[in-house]
Amino acid sequence: NSSDLSPSSFILASIPGLEAAHFWMAILLCSVYILAVTSNCAVLFIVKMEPSLHAPMYFFLCMLAAIDLALSTSTVPRILSFYWFNAREISFSTCLVQMFLIHTLSAIESTVLLAMAVDRYVAICHPLRHAAILTNAATAKIGLVAMARGVIFFLPLPLLLLPLPFCSSRVLSHSFCLHQDVMNLACANTTPSVVYGLTAILLVMGLDAILICLSYIPILKAVLQLALWKERLKVFSTCIAHICVVLAFYVPLIGLSVVHRFGKDLAPLVHIIMGNVYILVPAVLNPIIYGVRTKQIRRRIL
């Protein structure tokens, strides 16, 4: 009952009719979360301990692992407390912090994926200059730029929502806080927030996706210029893991955006599943993909 809430809180979404199954849903979610944490920590440890992996591509992979750990940890424990202890209420300030972390970390991950695409482009199209261009110092600077870019672009999102009044209905569409979800509950003009949120998404995730696609055009040209098919497959196979990781990030992101834009009449289950997929699928798949594709990581895991 939203009338019993304090004016500074929201209600996390539940699935109507499935309240009795929350315990088992939490068990499944917790298992996936443990898998994500374990696999990403394993990647960080293996890259640190394996000198042959001290290269820009694997430093970027460590950045992805750290981002996925932070993103899943900022949301999943709160979701589990809701499913196990029926803690549906989340304070306004906590919701804004969680929203800022989700969007900022997603922007940082998008930038790191773009940096990995540039790394593949230089390694394939300009192999003799790769070591000189992508040094360890340059890799560290790219990581700092990615963090600064995410914070600068997405810090205004909670600040724009902070002064807004909210309606009596404070039930969110997900089990965590997203900008679009919180903004839809405001009882005021949200045009500045809508415009800025869309602009930030397009200038970060949208631009990164376009640049990643453009980077693969010269890569494909360089691969097709090789004489033998075996050489083409061998060279292009170094990009397969990155392509899979890019798809694992952008497909759930696009799916969640489509659900928010066109899925107002969809069942609550769809919103909750898409939200959990967006949070957990990249965190689980990224280390698995690179674990399968990288001989040194696979050997260390075994």
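Visitor: What should I know before we start?
Guide: This is a predicted model, where local features need pLDDT of at least 70, side-chain atom pairs count only at pLDDT 80 or more, and totals for chains, interfaces and linings use all residues. Residues are numbered from 1 along each chain as its sequence is written, and side-chain values use heavy atoms, with hydrogens and water left out.

Visitor: What makes C95 and C177 a disulfide?
Guide: A disulfide is a covalent bond between the sulfur atoms of two cysteines. The working rule here is a pair of cysteine sulfur atoms within 2.5 Å. The sulfur atoms of C95 and C177 sit 2.0 Å apart, so the pair passes that cut-off. The count by this rule is one disulfide. The link of C95 and C177 is left-handed, with -120° about the S-S bond.

Visitor: Which parts does the pair of C95 and C177 tie together?
Guide: C95 lies in helix α4 (residues 92-125), and C177 is in the loop between α7 (156-161) and α8 (179-183), so the link joins parts that are 82 residues apart in sequence. Helices here are DSSP runs of H or I with at least four residues, strands are runs of E with at least two, and both are numbered from the N terminus.

Visitor: Why are α2 and α6 called roughly parallel?
Guide: Helix α2 (residues 56-73) and helix α6 (residues 136-154) pack at about 25°, with axes 10 Å apart. Axes are lines fitted to C-alpha atoms, for helices over the stretch in contact, and angles run from 0 to 180 degrees between N-to-C directions. Under 35 degrees counts as roughly parallel, over 145 as roughly antiparallel, 65 to 115 as roughly perpendicular, and the rest as oblique. That is why α2 and α6 get the label roughly parallel.

Visitor: How do you know which residues of α2 and α6 meet?
Guide: Contact means heavy atoms within 4.5 Å. P56, F59, F60 and M63 in α2 meet N136, T139, I142 and G143 in α6. By class, that contact of α2 with α6 has five nonpolar, three polar and no charged residues. Ala, Val, Leu, Ile, Met, Phe, Trp, Tyr, Cys and Pro count as nonpolar, Asp, Glu, Lys and Arg as charged, and the others, Gly among them, as polar.

Visitor: Which hand does each crossing of α2 have?
Guide: A crossing is left-handed if the near helix is turned anticlockwise from the far one by less than a right angle, and right-handed if clockwise. α2 passes α6 in a right-handed crossing, and α2 passes α11 in a left-handed one.

Visitor: Why is α1 called roughly antiparallel to α3?
Guide: Helix α1 (residues 22-49) and helix α3 (residues 76-85) pack at about 160°, their axes 8 Å apart. That angle makes α1 roughly antiparallel to α3. The crossing of α1 and α3 is left-handed. The contact of α1 with α3 divides into 14 nonpolar, one polar and no charged residues.
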